[in-house]
Amino acid sequence: MGQREIAPELQALYDKGAQVYSYSRLSTIHDCPYNAYLTYIEKRPQCANVYSSLGTVCHDTLEGIIEGKNTEADIWPAIKSELETLDMLGVEFPKSRDGSDSIRDRWVSNMRCMARDYISPKGKFEVEKLLILKVRENRYLQGYADLIRVLPDGRVQVLDIKTSSQFQDKDLLHYGRQLVAYTMALEQAGFTTCVPMWIMLKYCKVSYETGKGRYAKQVEKVMDRCKVGYTLRSDVRSKMKAAGYEPDQIEEVTQAFYESNDFNDLPADIRSQFKMTTYVRPYPVTDELRQECLDYINKTADKFEEMQRTDTWPAREIKEKDGSPNFFCTNLCGHRKTCEPLRDCINKRPFYAAKDPSTIEMSELF
């Protein structure tokens, strides 16, 4: 995604001296004030992040399908090309606890299955729409929504494409604020909104029926795309047995399904009993969440402006309980190769004690 030109609506706000924040800026301030200083005050260049780089490619390709610029067949080649570029640049996924590439392998497996099975949503959409929320006099929040769905009855809905892992319930408030803010911006603009949603690309929802007669019930399961075969193999086995398939054929088919995670490896009569869709997670917006979001924006913006006046930019807590640098600092932060507090934390680890800390380059660590 290239550098955007400044929209006339934003330029008008800048010209009148308004304070305009993006949601990403607020998140940076909240997560690590020193990161905010390096990014927005010192304007230090940032290094690539494997998750954001791949997420951008997925966003651009899927939005291109909506706009008619791409097709579903373009998804995996685009992801594969970006993976190769990141490998060439040495931008890696984090290693698992045992030092293996299992995190990368699982992400790639999920997204390969997504690319194979993805069906673009149908309907009327606006892509990368600029939204501006007036928070209070002379303070605004601006952002670009991935997708705005326009329903037949005229209501609009914010849809946010995610390539990340599923959100835990304890983190919903944090991740949901962006959906709340964008929904409020649409409401300020005079639109009637409905429940915003995340499109969780790594996951699918599979619907099917279990039991017979009065014991029959409809089941919906959300799962990693790369674990469809593993999760549903016993259900497939039961349905094939009920349909009269021979034991050897049942085992052969379920094994192929387990390995491929592809419903096309099932017989047509069995395949038709399962419906798979991309997992879309709703986030209902309440009046309480609206107020909480406004309070968060104002509190974080106040903090940023106070730090500008006092020139105090503390780094977040870098160490985990075991003394090692945390995941955000070593994998997600765009300044992880030049952050002085992170360098100090790493240099104090016993692993590097044999070296003169002043000779350790950040490039040796990432």
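Student: How do helix 2 and helix 3 cross, and how many degrees is it roughly?

Tutor: In this predicted model, the axes of helix 2, residues 23-31, and helix 3, residues 33-41, come within 5 Å and cross at roughly 135 degrees. That angle makes helix 2 oblique to helix 3, because the range for roughly antiparallel begins over 145 degrees.

Student: Which residues in helix 2 meet which ones in helix 3?

Tutor: From helix 2 there are Ser 24, Arg 25, Thr 28, Ile 29 and Asp 31, and in helix 3 they meet Pro 33, Asn 35, Ala 36 and Tyr 40. The residues of this contact of helix 2 with helix 3 divide into 4 nonpolar, 3 polar and 2 charged.

Student: Asn 35 is in that list, so is it buried or exposed?

Tutor: Asn 35, which lies in helix 3, is buried, with a relative accessible area of 8%. Not counting residues up to four places away in sequence, Asn 35 touches Thr 28, Phe 328, Cys 333 and His 335.

Student: And how do helix 3 and helix 11 pack, at what angle?

Tutor: Helix 3 and helix 11 pack at an angle of about 70 degrees, with their axes 12 Å apart, and they are therefore roughly perpendicular to each other. Helix 3 contributes Pro 33, Ala 36, Tyr 40 and Ile 41 to the contact, while helix 11 contributes Lys 303, Phe 304, Met 307 and Gln 308. Sorted by type, the residues of the contact of helix 3 with helix 11 are 6 nonpolar, 1 polar and 1 charged.

Student: Switching to rings, how many aromatic pairs are there in the whole structure?

Tutor: A search of the whole structure finds 13 aromatic pairs. In one of them, the rings of Tyr 37 and Trp 313 have their centres 5.6 Å apart and their planes at 40 degrees, so the pair is tilted.

Student: Where do Tyr 37 and Trp 313 lie?

Tutor: Tyr 37 lies in helix 3, and Trp 313 lies in the loop between helix 11 (287-310) and helix 12 (327-332), so the pair ties together parts that are 276 residues apart in sequence. Tyr 37 is partly exposed, with a relative accessible area of 21%, whereas Trp 313 counts as buried at 11% relative accessibility.

Student: What about Phe 304 and Trp 313, what are their distance and angle?

Tutor: The ring centres of Phe 304 and Trp 313 are 5.6 Å apart and the planes are at 70 degrees, so this pair is edge-to-face. Phe 304 is buried, and so is Trp 313. Both belong to one aromatic cluster, which is formed by Tyr 21, Tyr 34, Tyr 37, Phe 304 and Trp 313.

Student: Which ring does Arg 177 lie over, and which one has Lys 239 over it?

Tutor: Arg 177 lies over the face of Tyr 296, at 4.0 Å from the ring centre. The charged end of Lys 239 sits over the ring of Phe 274, 5.7 Å from its centre.

Student: Last topic: where does Ala 185 lie, and what is it in contact with?

Tutor: Ala 185 lies in helix 7, residues 172-188, and counts as buried at 4% relative accessibility. Leaving aside its neighbours within four places in sequence, Ala 185 is in contact with Leu 131, Ile 132 and Leu 133. Between the C-alpha atoms of Ala 185 and Ile 75, which are 110 residues apart along the chain, the separation is 31 Å.

Notes
Residues numbered from 1 in each chain as written. Predicted model: local features only at pLDDT ≥ 70, side-chain atom pairs only at ≥ 80, totals over all residues. Heavy atoms only, no water. Axes fitted to C-alpha atoms, helices over the stretch in contact; angles between N-to-C directions. Helix = DSSP H or I, 4+ residues; strand = E, 2+ residues; numbered from the N terminus. Parallel < 35°, antiparallel > 145°, perpendicular 65-115°, else oblique. Contact = heavy atoms within 4.5 Å. Nonpolar A, V, L, I, M, F, W, Y, C, P; charged D, E, K, R; others polar. Phe/Tyr/Trp six-rings, centres within 6.5 Å; stacked < 30°, edge-to-face > 60°. Buried < 20%, exposed > 50% of the residue type's maximum accessible area, 1.4 Å probe, protein only. Lys NZ or Arg CZ within 6 Å of the ring centre and 35° of its normal.
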